[in-house]
Amino acid sequence: MFIFFCFLPLIVFSLAFLALPLVRLFSASVEGELGWSIYGEILSNPRYMQSLLDTVLVSLAVTIAALLVATTAALFLTHNRFRGRSLLIASLTFPLAFPGVVIGFLMILLGGRQGLVNNISSNVFDTRLVFAYSMVGLFFGYLYFSIPRVLLTVMATAEKLDPALVEAARSLGAAPLQVLRDVTLPGLAPALIASGAIAFATAMGAFGTAFTLATDIDVLPMVIYTEFTLSANIAMACALSVLLGLVTWVLLMFARSLTGTSIAASG
Amino acid sequence: MTGTELQLLGCAKTFGGKTKALLPTDLVVKPGEILGLLGPSGCGKTTMLRIMAGLETPDAGGKVLFDDEDVTKVPIEHRSIGMVFQSYALFPNMSVRQNVGYGLKVRGIDGPERDGRVDEVMAFCRLEGLADRAIDQLSGGQRQRVALARAVAPRPRVLLLDEPLSALDAALRDTLRDELAMILRGLSMTAVFVTHDQSEAMAIADSIAVMKAGRIEQRAAPEVLYRDPQTDFVASFVGGANRLAGRFEDGELHLDGGTLKTGIEGNQPDHIFIRQEDIQISSPDVSALRGTVIGRVYLGTHTKLTIAGVSETPLVVSLQGATAPQIGEIVGLDIPATSLIHF
Amino acid sequence: MSRRSAFVIQFSVTLLACAFLLVPAILSILAGVTVNYFQGIVASGVTLKWVGQVWELYSDTIWRSMGIAFGCLIITAIIGIPAAYGLNRFPGRISRIVEEFVSLPLSIPGLALALALLQLYGTIKGFRLSSWFILVGHVLYTMPFMIRSVLAVFSTIDLQSLEEGAASLGASSWQRFKDIALPNAWPGILAGALTVVTLSIGEFNLTWMLHTPLTKTLPVGLADSYASMRLEIASAYTLVFFVMIVPLLAAMLWASNKAQSIGKPS
């Protein structure tokens with residue numbers, strides 16, 4: 001009875017502001033002129049499919065890059081103690097909660113027309129180097145906010161790994177790369193999958209960065225936003241949102257199923 | 001004796017529709033009696049304790065009685081039991097005094113009465129001077145006594161202890177075992193405790209129920225259990241008796257290492273048990289039973305020998321005082337017929 | 001590969017990553033206090049003029065963001081802490097489904113959630129036009145963090161046996177919640193609370209769709225300034241945001257570490 005009252009506020013809130021709105025979102029998507037065929041329209045429209053593909057590809061690329069960079073840094077920072085280490089950790093984690101718009105702005109300062117990179121390349125090599133207003137800028141922007149998330153998760157796990165495992169592998173004659181492949185990475189696998197999934201999901205839904213960088217970067221959130229505000233095509237915006245939500249959710253579930261057994265076993 | 005009589009009637013427990021943790025069991029704990037539930041892990045002893053506590057409900061048909069009151073459906077918080085948990089489950093947000101007084105607090109006992117009773121229980125459990133300590137400032141032994149004091153402070157009808165010593169270091173365990181036995185006796189409260197350690201059970205309990213695979217194998221006083229086990233399992237689990245298996249003929253048991261006069265007439269078993277300290281070592285020339293020493297562990301008060309070639313499994317002999325033979329030696333074994341255990 | 005070269009590679013990657021994260025942030029901070037960014041900080045000098053202008057133009061967004069973050073903290077605490085307790089006390093299929101469901105905002109893009117809220121409640125003008133509408137979105141998005149943070153602490157302190165201990169002493173469900181669960185969950189509540197506040201202050205994806213010209217939050221104001229203000233003002237505004245968010249973030253990381261290290265010897 002008491003437990004029921006514990007759940008009650010959450011259930012009321014989630015029904016009112018999560019379940020019902022999602023149902024409404026779906027029903028709104030099929031209430032336009034096209035009805036149910038709106039989903040067929042999306043699947044046969046090369047622009048929508050291209051933007052979905054681009055969104056998935058840039059998110060995947062960011063996830064892989066963030067995993068590579070952040071895992072390397074995380075292992076380095078876990079295994080080495082030196083002066084300034086905590087400063088390095090701090091400077092790798094401070095952008096954790098920056099919104100996409102701010103990161104878009106930072107990318108413009110870095111790779112925009114008046115950006116640092118262009119200044120240097122113009123003055124030193126006499127060539128213009130502007131990458132902020134394109135998919136490349138978007139990639140770096142997403143990488144910017146993914147690195148801290150992945151780093152924190154991987155470091156937390158790496159610190160919990162039993163150092164005796166690495167020592168045991170070395171005592172058996174394993175070379176550094178073999179230790180990494182056979183001991184360290186398998187131990188980190190759940191953290192890698194979990195943080196990779198978060199990085200991926202964030203990149204799929206991120207909107208602020210693309211919004212600040214340029215209006216013509218056709219990632220799916222931008223397309224949805226344009227359909228909603230400029231074309232006032234509510235049904236299409238809703239249908240694309242449903243698609244984006246579903247694709248993200250399904251890919252995350254798939255990632256989770258990879259770690260599923262170990263999670264279930266520990267619970 | 002004072003206290004509550006505790007009864008289980010036909011209590012069984014099945015988990016998830018198929019795992020039978022406890023088969024239908026009847027059990028009576030007399031007022032003031034200290035009962036030890038002894039058995040290997042997974043034998044159902046903890047399940048039985050949790051049924052007594054009200055943390056598990058028995059399968060349909062099972063009943064738990066406190067004196068003559070049926071408490072089967074009474075949840076733990078209204079059952080008036082005291083429980084010492086394996087992990088002690090001391091509340092880290094409260095001081096020692098607050099932990100010990102918590103059961104009185106939730107019963108609405110306040111002010112001087114609570115303070116008085118808490119002081120009394122803490123003195124009894126030798127916790128003077130620790131009242132205002134935080135839980136993480138206590139040693140393992142102190143934690144155990146706080147857990148005990150907390151459980152008995154509200155004067156429960158029945159005291160239940162789940163492996164009360166297993167969280168302690170081996171070095172501490174023996175001392176604290178004797179101390180716990182003394183405190184429990186001083187309380188004269190009906191108490192049930194669970195353990196997998198037979199010396200712990202023997203030191204603390206008035207009566208021991210040996211459990212295996214969800215049922216009670218034998219229930220008796222410690223000395224009876226040791227002297228007169230009723231099943232194979234009790235004979236080998238309590239006191240670690242040796243099993244001798246062979247072919248019987250005319251009161252003699254024929255083994256790999258020779259023959260053994262048993263003096264058994266009539267219904268002849270195919271195996272018997274002999275306790276480690278009831279075997280004497282003699283010269284192989286005069287003895288009818290021989291074996292080879294393959295292990296030798298010197299333990300100060302006695303020496304433990306492992307002897308192969310006598311029966312299917314190596315024999316363990318506990319030898320007092322005199323010099324023990326070396327590994328590789330062939331020895332004779334004297335086994336008095338009066339010490340044999342058979343069913 | 002030798003240990004030495006492995007070390008060098010790791011070290012370089014770490015330094016590069018640091019530079020990648022730090023340099024743009026430093027550029028932005030400098031731009032916010034430079035008289036004229038295109039002439040450079042050395043040539044034109046240092047000023048707080050832009051910060052002052054930001055305060056005049058956008059102080060309402062700062063107050064609103066703080067108000068929403070605080071409201072979000074109160075609501076997620078009131079809803080999330082009892083829910084986490086319930087999830088811990090009754091582990092099972094139903095609890096797992098509930099947890100999974102309320103975690104959906106982590107995997108569904110904010111834009112889609114915002115559209116969903118707009119479709120259902122957009123026509124209720126009093127609600128749609130108020131800051132409450134944004135608050136609902138923020139609560140939706142931050143709730144899973146509060147629940148998970150508290151749940152994690154419940155499982156590290158082994159709430160199960162503490163609960164059984166309290167029950168064996170005669171404590172009712174409410175007493176167990178009040179005397180045992182709540183006081184021992186505080187590291188998780190603190191970590192969850194700081195996470196909720198930090199995320200709420202930085203939230204953009206949902207807020208951009210839910211806001212009205214009269215209910216702009218800090219990140220919405222930032223987007224606005226990036227699009228329409230001179231670079232120095234945009235940078236100064238970003239600087240103000242850094243000053244708010246970075247200490248919160250540091251506190252959040254500190255609290256999370258503390259919550260994770262309960263029960264371990266210090």
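**Reading the chains and their contacts**

Analyst: Of the two pairs of chains in contact, chains A and C share the most contacts; two residues are in contact if their C-beta atoms, placed from the backbone, lie within 7 Å. This is a predicted model, in which local features need pLDDT of at least 70 and side-chain atom pairs count only at pLDDT 80 or more, while totals for chains, interfaces and linings use all residues. Residues are numbered from 1 along each chain as its sequence is written, and chains are lettered from A and ligands numbered from 1 in the order in which they are written.

User: How many helices and strands are there in chain C?

Analyst: Helices (H or I, at least four residues) and strands (E, at least two) are DSSP runs, numbered from the N terminus. Chain C has 14 helices and zero strands. Its C-alpha atoms fill a box of roughly 75 × 65 × 30 Å along the principal axes.

User: What percentage of the residues of chain C count as buried?

Analyst: A residue is buried if 20 or more other C-beta atoms lie within 10 Å of its own, exposed if 12 or fewer, and partly exposed in between. In chain C, 54% of the 266 residues count as buried. Among contacts in chain C between residues at least 6 apart in sequence, 77% join residues at least 24 apart.

User: How many residues of chain C are in contact with chain A, and which helix of chain C gives the most to that side?

Analyst: On the side of chain C, 62 residues are in contact with 65 residues of chain A. Helix H1 (residues 3-32) of chain C gives the most to this side, with 16 residues. For classes, Ala, Val, Leu, Ile, Met, Phe, Trp, Tyr, Cys and Pro count as nonpolar, Asp, Glu, Lys and Arg as charged, and the others, Gly among them, as polar. The side of chain C that touches chain A divides into 47 nonpolar, 12 polar and three charged residues.

User: How many residues of chain C are in contact with chain B, and how far apart are the nearest C-alpha atoms of chain A and chain B?

Analyst: There are 16 residues of chain C in contact with 19 residues of chain B. The largest share of that side of chain C, six residues, comes from H9(C). By class, the side has seven nonpolar, seven polar and two charged residues. Chain A and chain B do not touch, and their nearest C-alpha atoms are 14 Å apart.

User: How many residues has the largest nonpolar core?

Analyst: A nonpolar core is a set of buried Ala, Val, Leu, Ile, Met, Phe, Trp, Tyr and Cys residues joined through C-beta atoms within 7 Å. The largest one here has 267 residues, and A:Ile147 and C:Leu115 have the most contacts inside it. Helix H8 (residues 131-156) of chain C gives the most to this core, with 16 residues. Leaving aside residues up to four places away in sequence, C:Leu115 touches A:Leu25, A:Phe228, A:Ala237, A:Cys238, A:Ser241 and C:Met209.

User: At what angle do helix H2 and helix H4 of chain B cross?

Analyst: Axes are lines fitted to C-alpha atoms, for helices over the stretch in contact, and angles run from 0 to 180 degrees between N-to-C directions. The axes of helix H2 (residues 96-105) and helix H4 (residues 140-152) of chain B come within 6 Å and cross at roughly 30 degrees. H2(B) and H4(B) are therefore roughly parallel; angles under 35 degrees count as roughly parallel, over 145 as roughly antiparallel, 65 to 115 as roughly perpendicular and the rest as oblique.
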